Amino acid sequence: MVSYCPICGKPVYFGEKKRSLGRDYHPLCLKCHKCNRQLNAGQHAEYDDKPYCSFCYLKMFGPKGTTTTKIYYFHGCNNDSVIISLVR
Ligand SMILES: [Zn+2]
Ligand SMILES: [Zn+2]
(Lines give C-alpha, C1' and ligand atoms only; values in the text may rest on other atoms or scores of the structure.)
(Ligands and ions follow the chains in the order given, each with its own letter.)
Protein backbone atom coordinates (compact mmCIF):
# COMPACT_ATOMS: atom_id res chain seq x y z
CA MET A 1 0.00 0.00 0.00
CA VAL A 2 1.37 3.34 -1.00
CA SER A 3 0.59 6.37 1.03
CA TYR A 4 1.20 9.96 0.14
CA CYS A 5 3.43 12.35 1.95
CA PRO A 6 1.33 15.21 3.35
CA ILE A 7 4.19 17.64 2.79
CA CYS A 8 5.24 17.13 -0.83
CA GLY A 9 2.27 15.08 -2.02
CA LYS A 10 4.43 12.36 -3.57
CA PRO A 11 4.05 8.66 -2.84
CA VAL A 12 5.91 7.29 0.14
CA TYR A 13 7.08 3.75 -0.32
CA PHE A 14 7.33 1.29 2.48
CA GLY A 15 11.11 1.26 2.79
CA GLU A 16 11.46 5.01 3.09
CA LYS A 17 8.49 6.07 5.09
CA LYS A 18 8.59 7.75 8.43
CA ARG A 19 5.34 7.28 10.19
CA SER A 20 4.31 9.92 12.64
CA LEU A 21 1.02 11.16 14.00
CA GLY A 22 -0.91 8.83 11.76
CA ARG A 23 0.70 9.97 8.52
CA ASP A 24 3.56 8.72 6.41
CA TYR A 25 6.31 11.16 5.58
CA HIS A 26 9.49 11.04 3.60
CA PRO A 27 12.38 11.18 6.06
CA LEU A 28 13.47 14.49 4.57
CA CYS A 29 9.97 15.93 4.62
CA LEU A 30 9.43 15.33 8.30
CA LYS A 31 10.72 18.64 9.52
CA CYS A 32 9.38 21.64 11.34
CA HIS A 33 7.23 23.78 9.08
CA LYS A 34 8.63 26.87 10.75
CA CYS A 35 12.34 26.34 11.40
CA ASN A 36 13.05 23.35 9.11
CA ARG A 37 14.60 21.39 11.91
CA GLN A 38 14.49 17.64 11.31
CA LEU A 39 11.90 15.95 13.48
CA ASN A 40 11.81 12.52 15.02
CA ALA A 41 8.76 10.47 14.28
CA GLY A 42 6.33 10.71 17.14
CA GLN A 43 8.25 13.47 18.87
CA HIS A 44 6.78 16.59 17.45
CA ALA A 45 3.65 18.65 17.51
CA GLU A 46 1.23 19.20 14.72
CA TYR A 47 -1.03 22.06 13.76
CA ASP A 48 -3.26 22.42 10.73
CA ASP A 49 -1.80 19.20 9.26
CA LYS A 50 1.73 20.58 9.38
CA PRO A 51 4.46 19.20 11.61
CA TYR A 52 6.22 21.56 14.00
CA CYS A 53 8.91 21.06 16.55
CA SER A 54 7.64 21.48 20.09
CA PHE A 55 9.61 24.68 20.45
CA CYS A 56 8.01 26.45 17.49
CA TYR A 57 4.65 25.02 18.33
CA LEU A 58 4.71 26.37 21.84
CA LYS A 59 6.06 29.66 20.62
CA MET A 60 3.33 30.14 18.05
CA PHE A 61 0.38 28.38 19.56
CA GLY A 62 1.52 27.95 23.10
CA PRO A 63 -0.37 28.67 26.25
CA LYS A 64 -1.66 32.18 26.48
CA GLY A 65 -3.91 33.03 29.35
CA THR A 66 -6.31 30.16 29.73
CA THR A 67 -5.69 28.56 26.35
CA THR A 68 -5.06 24.86 26.44
CA THR A 69 -2.32 23.57 24.20
CA LYS A 70 -2.44 20.02 23.06
CA ILE A 71 0.67 18.20 22.03
CA TYR A 72 0.20 14.88 20.37
CA TYR A 73 2.68 12.16 21.07
CA PHE A 74 2.64 8.99 19.11
CA HIS A 75 3.75 5.66 20.40
CA GLY A 76 6.04 3.84 18.06
CA CYS A 77 4.23 1.76 15.50
CA ASN A 78 0.72 1.57 16.89
CA ASN A 79 -1.84 4.29 16.66
CA ASP A 80 -2.41 5.09 20.27
CA SER A 81 -1.93 8.76 20.71
CA VAL A 82 -1.67 10.40 24.05
CA ILE A 83 -2.81 13.93 24.41
CA ILE A 84 -0.88 15.92 26.90
CA SER A 85 -2.52 19.15 27.83
CA LEU A 86 -0.48 22.01 29.12
CA VAL A 87 -2.54 24.53 30.95
CA ARG A 88 -1.08 27.70 32.26
ZN1 LIG B 1 7.53 14.12 1.05
ZN1 LIG C 1 10.62 24.50 14.63
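Leaving aside residues up to four places away in sequence, Leu30 touches Lys18, Ser20, Tyr25, Leu39, Ala41 and Pro51, where two residues are in contact if their C-beta atoms, placed from the backbone, lie within 7 Å. The structure is a predicted model, in which local features need pLDDT of at least 70 and side-chain atom pairs count only at pLDDT 80 or more, whereas totals for chains, interfaces and linings use all residues. Residues are numbered from 1 along each chain as its sequence is written, and chains are lettered from A and ligands numbered from 1 in the order in which they are written.

A residue is called buried if 20 or more other C-beta atoms lie within 10 Å of its own, exposed if 12 or fewer, and partly exposed in between, with C-beta atoms placed from the backbone. Of the 88 residues in the chain, 17% are buried.

The secondary structure consists of one helix and eight strands, and along the sequence these elements follow the pattern β-β-β-β-β-β-α-β-β. Helices (H or I, at least four residues) and strands (E, at least two) are DSSP runs, numbered from the N terminus. Among contacts between residues at least 6 apart in sequence, 19% join residues at least 24 apart.

Two residues illustrate opposite surroundings. Asp24, which is placed in strand S4 (residues 23-25), is buried because 22 other C-beta atoms lie within 10 Å. Beyond residues up to four places away in sequence, Asp24 touches Ser3, Cys5, Val12, Lys17 and Arg19, and its C-alpha atom lies 7.5 Å from that of Pro6, although Asp24 and Pro6 are 18 residues apart in sequence. Cys8, by contrast, is found in the loop between strand S1 (3-4) and strand S2 (11-12), and Cys8 is exposed because 12 other C-beta atoms lie within 10 Å.

Most residues other than glycine have a negative phi. Leu21, although not a glycine, has a positive phi of about 50°; Leu21 lies in the loop between strand S3 (18-20) and S4 and is partly exposed, with 19 other C-beta atoms within 10 Å. Asp48 likewise is not a glycine and has a positive phi of about 55°. The loop between strand S5 (45-47) and strand S6 (50-52) holds Asp48, which is exposed, with 7 other C-beta atoms within 10 Å.

Confidence was considered last. The average pLDDT of the chain is 76, and 69% of the residues score at least 70, pLDDT being the predictor's confidence in each residue, from 0 to 100. Among the elements of the chain, S2 has the highest mean pLDDT (96) and strand S8 (residues 81-87) the lowest (41). Over residues 65-69 the pLDDT is below 50, and this stretch has seven contacts in the model beyond near neighbours in sequence. The pLDDT also stays under 50 over residues 72-88, for which the model has 26 contacts beyond four places in sequence.
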